[in-house]
Protein chains: 4
Amino acid sequence: MTDHTLASPPDQIRLPVQVMYFDTDAGGVVHNIAYLRFIETARTLLAVQLGMSFEDILRTGIHPVVVRTEIDYRRPARLGEHLQIHGKIAEIGRVRFWVEFEILRDTDGTQLVTCRQSLALVQMPEGKPLRVSEGFPSLGKTE
Amino acid sequence: MTDHTLASPPDQIRLPVQVMYFDTDAGGVVHNIAYLRFIETARTLLAVQLGMSFEDILRTGIHPVVVRTEIDYRRPARLGEHLQIHGKIAEIGRVRFWVEFEILRDTDGTQLVTCRQSLALVQMPEGKPLRVSEGFPSLGKTE
Amino acid sequence: MTDHTLASPPDQIRLPVQVMYFDTDAGGVVHNIAYLRFIETARTLLAVQLGMSFEDILRTGIHPVVVRTEIDYRRPARLGEHLQIHGKIAEIGRVRFWVEFEILRDTDGTQLVTCRQSLALVQMPEGKPLRVSEGFPSLGKTE
Amino acid sequence: MTDHTLASPPDQIRLPVQVMYFDTDAGGVVHNIAYLRFIETARTLLAVQLGMSFEDILRTGIHPVVVRTEIDYRRPARLGEHLQIHGKIAEIGRVRFWVEFEILRDTDGTQLVTCRQSLALVQMPEGKPLRVSEGFPSLGKTE
């Protein structure tokens with residue numbers, strides 16, 4: 001789908017995000033759940049970049065499903081700030097793969113959030129788990 | 001969750017909600033989209049109360065779909081406040097029905113938000129519109 | 001009413017959005033609340049473009065507040081689709097201004113959603129309403 | 001670790017939730033972020049129960065802030081299902097405290113999600129971290 005001629009490898013993603021009102025709460029900073037929405041978007045675009053298109057998902061019913069999330073909130077982001085979401089494939093196992101993210105403040109590169117997620121591929125609507133090589137064959141090619 | 005006195009007719013709903021952090025924004029008050037989430041919950045419980053169960057929806061594929069929303073934000077709600085969402089069926093047409101909501105501050109009954117929505121019944125996944133009497137027969141019984 | 005003759009006037013915004021999983025629901029289409037999040041983002045970027053920066057908002061405590069939303073859901077958007085959010089300032093009154101949006105499917109230009117919102121400028125945390133010319137002076141310059 | 005011998009100790013919470021449309025996604029099941037919203041609500045009500053009222057938070061500016069979340073998604077929940085969110089204080093340190101949650105399907109008690117979060121107390125708007133005993137003195141009383 002996308003064209004990667006620069007140094008950026010296909011198993012990495014960089015997504016710019018600006019903090020909106022609905023990302024913040026009455027504490028004056030970004031709400032902890034909003035960062036996970038940013039990460040969802042980055043992870044989905046990374047999957048598309050790696051060859052798992054939405055058309056394929058809807059046609060085959062094979063959905064990538066988050067099995068575990070670990071997220072550390074290190075410093076707060078604030079209304080209007082420009083952030084960078086950096087994501088990459090960290091590890092590919094037989095039935096799971098791991099992705100890692102960090103969220104940086106754009107102006108000074110301060111690391112705000114780090115996150116690690118493991119995912120499985122599930123045949124919906126039955127909910128049957130598949131091997132990574134079976135459900136997402138192009139992913140193995142990045143190894 | 002719901003507060004049903006015996007006098008409460010089946011085409012009305014009262015839902016208590018307490019304002020959480022994720023409902024507020026950096027302005028210090030409830031975000032305009034959060035009120036629509038409260039209304040969604042009230043409307044869904046009203047539909048269940050009127051005989052449109054989730055089991056029926058999943059079995060038949062007939063989903064109630066919001067066609068239009070009008071919402072007026074009159075006064076702000078704040079973190080931790082207890083609210084009451086009041087909803088009722090306002091009008092039933094051939095292919096649409098209308099629901100009305102108001103959101104009140106619990107302590108003093110101040111009206112914060114009013115909302116009117118029209119809905120249609122749609123056969124998914126085709127997206128085919130149905131007559132109200134065809135897709136939601138128990139609704140007509142409240143006329 | 002403002003006059004839109006230039007190719008890219010400052011009182012108009014075009015925002016591309018791709019539909020993510022968290023924008024959809026079990027009906028298989030975009031949830032009605034998700035469109036309002038898209039519109040929030042477009043409206044906020046439009047305000048920035050018109051000179052109401054987040055820095056000004058946080059410094060002065062003058063927040064633009066949605067007073068009324070009217071939204072019509074005409075056709076559904078689906079997972080992975082590319083949408084365009086088009087927004088413009090429609091009218092500027094003494095204490096309110098109106099913005100209009102439409103959401104189009106990118107591939108064929110089909111209109112999915114139309115929306116009209118009125119806003120007021122409010123001095124927080126007191127909640128005191130301000131005249132548009134007082135709280136957002138650069139907005140009047142587009143008339 | 002705290003000791004849970006009483007029938008309904010103040011450091012435990014049980015919150016019933018019914019899955020709404022906006023909690024689900026096009027995969028037909030509850031979206032991974034929605035479970036964190038359920039947990040947010042349970043944790044906030046637990047804090048209130050332990051004596052950290054919203055009035056205190058707004059008056060003192062001392063906010064409980066999530067520092068880390070670990071969440072395991074074990075089985076999916078579906079539209080309309082009744083869930084139980086169980087939460088408890090797991091451990092209280094000098095500058096952090098830990099809370100644990102599990103989400104159960106109401107009908108058969110199946111465990112769907114487990115989650116562990118650590119929190120700190122922060123003096124806003126400066127963002128200054130406080131000792132738990134200083135910012136939330138009633139919490140220590142449950143030890």
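Which residue of chain D comes closest to the rotation axis? In this predicted model, the residue is Glu70(D), whose C-alpha lies 2.3 Å from the axis.

Chain A contains four helices and six strands. Read from the N terminus, its elements follow the order β-α-α-β-β-β-β-β-α-α. Along the principal axes, the C-alpha atoms of chain A occupy a box of roughly 45 × 35 × 25 Å. The radius of gyration of chain A is 16 Å, which agrees with the value near 15 Å that a compact globule of 143 residues would have. Within the chain, strand β2 (residues 62-73) pairs with strand β5 (residues 111-123) in the antiparallel sense, and the pairing runs over 11 bridges.

Two copies of a chain are related by a rotation about an axis and a shift along it. For chains D and A, the superposition takes a rotation of 180° with 0.0 Å of shift along the axis, and the RMSD is 0.0 Å. This is the relation of a two-fold axis. Both copies use the same surface, as 100% of the contact residues of chain D recur in chain A.

The contact between these two chains draws 20 residues from chain D and 20 residues from chain A. On the chain D side, α1 and β2 each supply at least two residues. The most comes from β2(D), which gives nine residues to the side that touches chain A. By class, this side of chain D has nine nonpolar, six polar and five charged residues.

How do the β2 strands of the two chains meet, and over how many bridges? Strand β2(A) and strand β2 (residues 62-73) of chain D pair in the antiparallel sense, over five bridges. Glu70(A) stands opposite Glu70(D) in β2(D). This is the residue of chain D that comes closest to the rotation axis. Another bridge links Thr69(A) with Ile71(D) in β2(D).

The helices α1 also take part in the meeting of chains A and D. Two packed helices are described by the angle between their axes and the distance between the axes. Helix α1 (residues 32-49) of chain A packs against helix α1 (residues 32-49) of chain D at an angle of about 175°, and their axes are 10 Å apart. The two helices, α1(A) and α1(D), are therefore roughly antiparallel to each other. From α1(A), the residues Ile33(A), Leu36(A), Arg37(A) and Glu40(A) meet Ile33(D), Leu36(D), Arg37(D) and Glu40(D) of α1(D). The contact of α1(A) with α1(D) has four nonpolar and four charged residues, with no polar ones.

A corresponding description can be given for chains B and C. The axes of helix α1 (residues 32-49) of chain B and α1(C) come within 10 Å and cross at roughly 175°. That angle makes α1(B) roughly antiparallel to α1(C). Here Ile33(B), Leu36(B), Arg37(B) and Glu40(B) in α1(B) meet Ile33(C), Leu36(C), Arg37(C) and Glu40(C) in α1(C). Four nonpolar and four charged residues make up the contact of α1(B) with α1(C), and no polar residue belongs to it.

Chain C also touches chain A: 12 residues of chain C are in contact with 12 residues of chain A. The elements of chain C that give two or more residues to this side are α1 (32-49) and α2 (54-60). The largest share, four residues, comes from α1(C). The side of chain C that touches chain A divides into six nonpolar, three polar and three charged residues. Chain C is superposed on chain A by a rotation of 180° with 0.0 Å of shift along its axis, at an RMSD of 0.0 Å. The copies meet through the same surface, because 100% of the interface residues of chain C are also interface residues in chain A.

Terms used. Residues numbered from 1 in each chain as written. Chains lettered and ligands numbered in written order. Predicted model: local features only at pLDDT ≥ 70, side-chain atom pairs only at ≥ 80, totals over all residues. Contact = placed C-beta atoms within 7 Å. Nonpolar A, V, L, I, M, F, W, Y, C, P; charged D, E, K, R; others polar. Axes fitted to C-alpha atoms, helices over the stretch in contact; angles between N-to-C directions. Parallel < 35°, antiparallel > 145°, perpendicular 65-115°, else oblique. Pairing = 2+ DSSP bridges. Least-squares fit on C-alpha atoms with pLDDT ≥ 70 in both. Rg over C-alpha atoms; globule rule 2.2 N^0.38 Å.
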